[in-house]
Every structure is written in structure tokens, then in C-alpha cells.
2 protein chains.
Amino acid sequence: MNNLNLAIQFFFQLAVILGACRIVGLIAKRFGQPQVVAEMIAGVLLGPSLFGLLAPQWQESLFPWDPKQSSRDTSAYLFPVSQLGLALYMFIVGLEFRVDIVRKHLKSSIAVSASGMLAPFILGGALGYLLHRFGGLFPQKTSALEASLFLGASMCITAFPMLARIIHFKGLNGTLMGTVAIGAGAIDDAVAWCLLALVLASFDSDMSQALRSIGGGLGFVLLVTMLLRPILERFRGLFVDPAGKLSESGLVLALMLMSLGAWFTDSIHLHAVFGAFLVGTSIPRGEIHSGVIDRIQPLTVALLLPLFFTYSGLNTRIGLLNQFWLLGICLAILVVAVLGKWAACSLAAWLSGLSTREAMGIGVLMNARGLMELIIINKGLERGIISYELFACLVIMAIVTTLMASPLFDRFCHAKDSQRQTHNKL
Amino acid sequence: MNNLNLAIQFFFQLAVILGACRIVGLIAKRFGQPQVVAEMIAGVLLGPSLFGLLAPQWQESLFPWDPKQSSRDTSAYLFPVSQLGLALYMFIVGLEFRVDIVRKHLKSSIAVSASGMLAPFILGGALGYLLHRFGGLFPQKTSALEASLFLGASMCITAFPMLARIIHFKGLNGTLMGTVAIGAGAIDDAVAWCLLALVLASFDSDMSQALRSIGGGLGFVLLVTMLLRPILERFRGLFVDPAGKLSESGLVLALMLMSLGAWFTDSIHLHAVFGAFLVGTSIPRGEIHSGVIDRIQPLTVALLLPLFFTYSGLNTRIGLLNQFWLLGICLAILVVAVLGKWAACSLAAWLSGLSTREAMGIGVLMNARGLMELIIINKGLERGIISYELFACLVIMAIVTTLMASPLFDRFCHAKDSQRQTHNKL
């Protein structure tokens, strides 16, 4: 295909993707679901799971897809743009990340997150082992240990950005429930990503690569927190114009640092989102970080992030789950994910002295897997750790746990109640 | 190359592109040149013209380029993103376009633009004919008529968005000089694009395609101005939230319309920028259009537009101009471009009663070819109308005429003088 046809196709794809996300969004809104959930679903619907089932030829011609990745198909150009959208989004999450809040309630957050992580990890790990042994749901190359670690890690995931958004949306910022949930979510995600790094490193089988991944990752965290953050803080002038506002070259500098971070963590075989997130936490706070957010968030959320959901959805083949035992496994994964996370988190929160209502709220919020799960399983699929069948199961798990969050939260913790709890404001 | 390596490469390319644009930008600033000029030059420097000359292997490994377009090289994914950046930028230009101003001074604008267009078109067309006959600078497939039309059209180009930006930057909005220049620039560009459409259509050699291009283009203009604009104006509510501000779904709707416009004009073999620009002019004015600009401009200008300049620069091989006669032709093109545009525009403005100073200012501004020239010649190269050698000559012409604009303008029309001329404010 030549460049002219590439561009025609790309603009039409864009229009279809944006339209689909909006239509699903309107339906989702009626059920009290946030837009991000709608986009996760819209991506799957545009792929072989629905559109490709109803009109295979249309789907094929609109989104030509070559899993062998040998020619100029949609995936060749959708992938870099979708990764750019993802990196920008995680950069924003890093910009919004408040180290101070997590530090303040570190103890209770650790209590909730640790207990709410062990359960899903052990359950997920056990299920991974069983599926590897009996299910045939992992490619040959994947060992039993890697299967356990990967499924365990993917169960540990908490949709940290979504959790933060729901808490903000419900006006729970600064409440005990909100603060503990955000802190616990951040810790959970960090640990899950470290586990993923371990799996990816072990999967590369050569030990030097494993060391490079883990050592490089730790080194990068130290570099960013110990060196980059204070340096940027000292040279705030680089980011601002004479009036003290973020300048255009300040914005470009921030984007350049983000690209370098994403490139580095990608090149040591972790994931671009790590680097983008970490660099985001290091940008000086105040006018600068809020200016960067204001300028990159709208286009990222409206245009680029939906491309990632579509990319992920085009890889999802729910039609592969065409046998009863596969549906059974899908259900088992879902039950393990929900039980391991929701029940364990709520129990831990309740035992640590929170009210039943607050404990239930935290459990429900921590249970949503959202975007983060899609990232981790896309990485697993891309590296050949999991099969397309297991990928489809995990996509369903991610969507269902995310769909559950908002209505269940409203059911257990009415907005009214949460407003009454203002004495908990910290 | 697999997707993992694609992404690593993409993020590193991003960091290099953003860095190069900033460094050249800092140098350009010292000489009073705007950032957009710096980015045009940075793109060329990153390509085979400088970076590839100094360190061919590094350049090759950083920006792998396959002109046969058969594999997953940089151009396969850089092209769609760069087109997206360009479409978004032209969408912004359309959003900022003020039909009322052009309408108000239609007569004097037409006078300046018509005379300032005939000269470059005739001179360019004659040069095109000569080069086709004697220079061998056009591929075999290109006829003498097409060569004349193409070179004539490309001489007519005025960097309309840049002209608008310089006028805004110098505080000349609303002055007689500023208004006439903007109006004339807009008309010039519109006519040049129509000529390009004619060339492209004739180049397709089958008449039905030519009719589809011209008819489709005219139909689209009518559709947008007669139908889309009043409909969007009537349904302003679709764009705003209850508080009357642009909503997130309003932004997505605008982006969807832009994608559809870009797709349509691309698919009738014109160019995506037409559709994006036209749709931009149809978005309801006021809170809505300024909200859309605010949200998409920062990331588009800081991140996506530099990708277009790089894409264009990677296609530029100034090294091809390695013979004296080629350098001579390059010089001839430059002289014809400057004489035809600057001299003719200034003369027309002067004859229509403007002061010498204002006439010179208008001529200098109209002479800058900027981004628009790069778009038109990239299209010519992509469709095989011009050779790589002629492309390189035209890139140099575009850069030099753009570089001239700011210092010459300052020389002939000091900022002080222009402030004194406030009695000319309309």
C-alpha cells in the first residue's frame, strides 16, 4: 500500500474510532459508566470480536491486520501512535501523582495494598500454574513459573489512574477512604509492574537481559527521584516565560524528557509507560506541572488514547472462546480476580479499623483493572507469553471488573453518605 | 522489525526530533526568525542532507527509510502521524480564519492577490516548461503542461498560516496592511490549491478521476459553507456543556468532523489539508471555536507538526544538487519565485494606493512560502510529478523565501512605524 492510501485509510479509521467511542460512551453514560470504560469496550467492538463477526470483509478492509507484521498494515502505524497516546496519558498520571499524600498515609495504605495483593497474586499464580499444566493456554515457550508469575501479576493490577479519577469524580479527594485507596492503588500497581518486569526478564532467558531490566529499572527510578527531580526543580527557569507561566519551549522540554524516559524503559525491555510515568512525577510542581497537564491532556484523551484502546481491541478475539471449557476458564479467572482483590482488600481495610462502608468502597475501587490490565496483557501477548485465547479471557476480566466498579461503589457508598463523612477529611 | 523495536525507535526519534527543533530554534531566535522556520530547517538537517552526510550509518539506523515503501520502515508510521499533525494544524488555521475580514476588503485583496499571482504563475509556468524540455528534472510520466502547471502553482503559494502569524506577532491585526495581506494570502493559497488539484487530476490521466477531484472539491466547499456551517451553528448545543463551554464530547465531535473532511478530500485525490481547513472554518465561532483551538493547538504545534517537517526533511536530498547546472537551476527557481511574488505584489499594492512602506511589507509577507510550499511539493513528489532533484530545489526555495520574510519585513517596516500607522486601523 502506498502512502496516499495509508493516509486516506488512517483518517477514515480515526473518524470511525472517534464515532464508535462516542456512541458507546453515550450508552455507557446511561448506566453511570465513565467514558474510559466505553472506550475499552468500543475498541473490542471494532475488532474481530463484533465488527469482524458481523461484517468480516468490511472489518478487514477498514482495519487490515497482519499478525505476522511483515507488511504495511494498520498495526504498523497504529502501534506507534497508540503507544504515544499511552505514554502521554501515563505522563499525565505521573504529573498528577502526589507523592506527599502517599507518604502521609503510607502505613494504612501499605496494610491494605499488601493484603489486597497477596491474595490475588497467590490465587492468580495458582490458577496460572493450573492453566499452564492442563489448559494449554500458554505458548510452548512459556514455563510454568512464568505462567504463574504473569497471571499472578496481572491479577494484582489496580487501575490506578481510573481509581484516582473515580475518587476525584465522587468528591472523595482528601477523605480517609480516598487517600488510603489512592495510596494502596499506587503501591499495588508499582509492585505488579515489578513482577511483570521479572516475568519479562525471565522470559528473555538470558540472565544479562534480566539484570539489565531490573537493574536498569531500579537505576532509572533512582536517577529520576535523586537527580532529575532536584535538577529540574533548580532549573525551573527553563520551563517558564518571564511571566512565570509555562513557556512553549518548556512544554517541548517536558515532552522531550518524556520521550527519553519512554525510550529508555522500553529499550531495557520494561515498558514505555514506566518511563513516561516516572518522568511525569519529576516535573516541577505548581504552574509548570499544571500547565503541562492543561496543554497535553485534551488532545491525548480525546484523540490519541482511543487509538490505544482500538489497537488493543483489534488484537482481541473473543470469538476464540468458542468452547465451553474456555468459557469456564474465563469465568474462573473472573471469580479469582474479583475474590482475590475485592474481598481481600475490603477485609484488610475493615480489619485496619475502617467502617464497613469504607472498606467495601476501597475493595470495589481496587478491584477495577481498567487500562492498566490492558497494558500488561498487551505486553504479554506482544512478547508471546500468553495465547490469544488467554488474552481474550483477560480482556473480558479487565472490562467486567472495571464495569463493576462504578455501580457497586454507588450501591455500597452513596454519594450522600460520603458527604456526611466529612469528619474523615484529613 | 517487530512492534517492540518499532516503539523503541519511535520514542527515540521523537526525542531527537524535538531536541533538534529546539536547538535550531534557539539559533534561529537570535536572528529574529520564528520557530516554524527553525523546524523546517531542522527537518532537512535530520535527513540525508546533513545528518546523513556526516554520519550515514547513524542516520540510517535512526531513521531507516525505504523509498520503495515495501517494509515497515520509519516512513510507514511517520507518514500517518505527520499527516495527522498537518491536518490538525490546518484545522486550527481554518478555525482562526475570519471570513468577515476577507469579505470586508475583498476588492483590494483581490487586486493585490491577482496581480501578485499572475506574475509568479506565468514565470513559474515558463520555467517549468523550460525545465521539462531541457532540464530533465521531471519524471518521464509528467507532461510539459503538467510540469508548467505544477511549477506555476507552486510559485503562487503564499504561506498563509505563517503570514497570519507574523502579522499577529507584529501587532498588525486590523491594520490596512495586515488585512489586505491576509485577504490576498488566503485568496492566493486557495487558487494555488485549485491549480494543484487540476495538475493532480490531469496527472491521473483518466478524465473521470479529474472530474471527481474538481467536482468533489467544489461540491465539498458548497457542502461545508451552505450546509455544514449553518447546521453546526443551529446545533451549537452539541458542542457545549450546560455552562456554555466547549464539552469533551464537543471536542471529539469537532475532531471527528475534521477526520471526515480530511478523509474525503484525500480520497478524491486532493489533500487532507483542504478538508481539515474547510471543516475548521465551519465550526461555530465564539466559545466553541476558541475552546477547540486552545485544546488542540499546544500538542499539535509542540509535538505533531515537527513530525511533518521531519518527514519532509527525510525526503529532501540536497546532496543531489551536486552539479553546477543543478545549482544554477536552483538559483533560477529562487530568483523567479522572489521576483514573481515580491516584486509583483509590492507593485500591485503600490499602484492600488498604498504607501511604499506598506507595499513593500505586503510583498515581503506574500513572498514567504513556508509550510504550504512543503505540503504542495511533498504531494508532487509523492505522486511522482517531480523528481528528487527538483524537490530539493523547491525545498531550498521554500526555506530561503521564508527566511527572508522576517528580517526584510523588519528592515522595510519597522515595528515603530507600524505603530505610528494606527490611523490606518480599520
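The largest nonpolar core in this predicted model has 330 residues, and those with the most contacts inside it are A:Ala87, A:Leu163, B:Ala87 and B:Leu163. A nonpolar core here is a set of buried Ala, Val, Leu, Ile, Met, Phe, Trp, Tyr and Cys residues joined through C-beta atoms within 7 Å. Buried, in turn, is a matter of counting: a residue is buried if 20 or more other C-beta atoms lie within 10 Å of its own, exposed if 12 or fewer, and partly exposed in between, with C-beta atoms placed from the backbone. In soluble globular proteins, nonpolar side chains tend to be buried together.

A word on bookkeeping. Residues are numbered from 1 along each chain as its sequence is written, while chains are lettered from A and ligands numbered from 1 in the order in which they are written. Since the model is predicted, local features need pLDDT of at least 70 and side-chain atom pairs count only at pLDDT 80 or more, whereas totals for chains, interfaces and linings use all residues.

Chain A turns out to hold 19 helices and 0 strands; these are DSSP runs numbered from the N terminus, with helices (H or I) of at least four residues and strands (E) of at least two. Its radius of gyration is 21 Å, close to the 22 Å that the globule rule gives for 426 residues, so chain A is as compact as a globular protein of that length. That radius is taken over C-alpha atoms, and the rule is 2.2 Å times the number of residues to the power 0.38. Laid along its principal axes, the C-alpha trace of chain A spans about 55 × 50 × 50 Å. Of the 426 residues in the chain, 60% count as buried. Among contacts in chain A between residues at least 6 apart in sequence, 78% join residues at least 24 apart; a contact means that the two C-beta atoms, placed from the backbone, lie within 7 Å.

How is chain A split into domains? The assignment gives domain 1 (3–77) and domain 2 (78–424), with bounds that come from an automatic or database domain assignment. The C-alpha centres of these two domains of chain A lie 23 Å apart. Where they meet, 25 residues of domain 1 are in contact with 27 residues of domain 2. On the domain 1 side, the elements that give two or more residues are helices H1 (3–30), H2 (35–46) and H5 (74–96) of chain A. H2(A) gives the most, with 9 residues. By class, this side of domain 1 divides into 17 nonpolar, 7 polar and 1 charged. For that tally, Ala, Val, Leu, Ile, Met, Phe, Trp, Tyr, Cys and Pro count as nonpolar, Asp, Glu, Lys and Arg as charged, and the others, Gly among them, as polar.

A few residues show what the inside of chain A looks like. A:Ala20 is found in helix H1 and counts as buried, with 22 C-beta neighbours inside 10 Å. Leaving out residues up to four places away in sequence, A:Ala20 touches A:Ala42, A:Leu45 and A:Leu46. The C-alpha atoms of A:Ala20 and A:Ala42 are separated by 6.0 Å, though the two are 22 residues apart along the chain. A:Leu374 sits in helix H17 (residues 370–382) of chain A and is also buried, this time with 28 C-beta neighbours inside 10 Å. Again not counting residues up to four places away, A:Leu374 touches A:Met40, A:Ser312 and A:Ala398. As for A:Leu163, its contacts beyond four places in sequence are A:Thr158, A:Ala181, A:Ile182, A:Gly185, A:Leu365 and A:Ala368.

Then there is the second chain. The contact between the chains takes 42 residues from chain B and 42 from chain A. On the chain B side, two or more residues come from each of helices H1 (3–30), H5 (74–96), H12 (248–267) and H14 (287–314). H1(B) has the largest share, 13 residues. This side of chain B has 28 nonpolar, 8 polar and 6 charged residues.

Chain B can be laid on chain A with an RMSD of 0.0 Å by a turn of 180° and a shift of 0.0 Å along the axis, which is the relation of a two-fold axis. The superposition is by least squares on the C-alpha atoms of residues with pLDDT of at least 70 in both copies. The same surface serves both copies, as 100% of the contact residues of chain B recur in chain A. Of the residues of chain B, B:Tyr77 comes closest to the rotation axis, at 2.1 Å (C-alpha).
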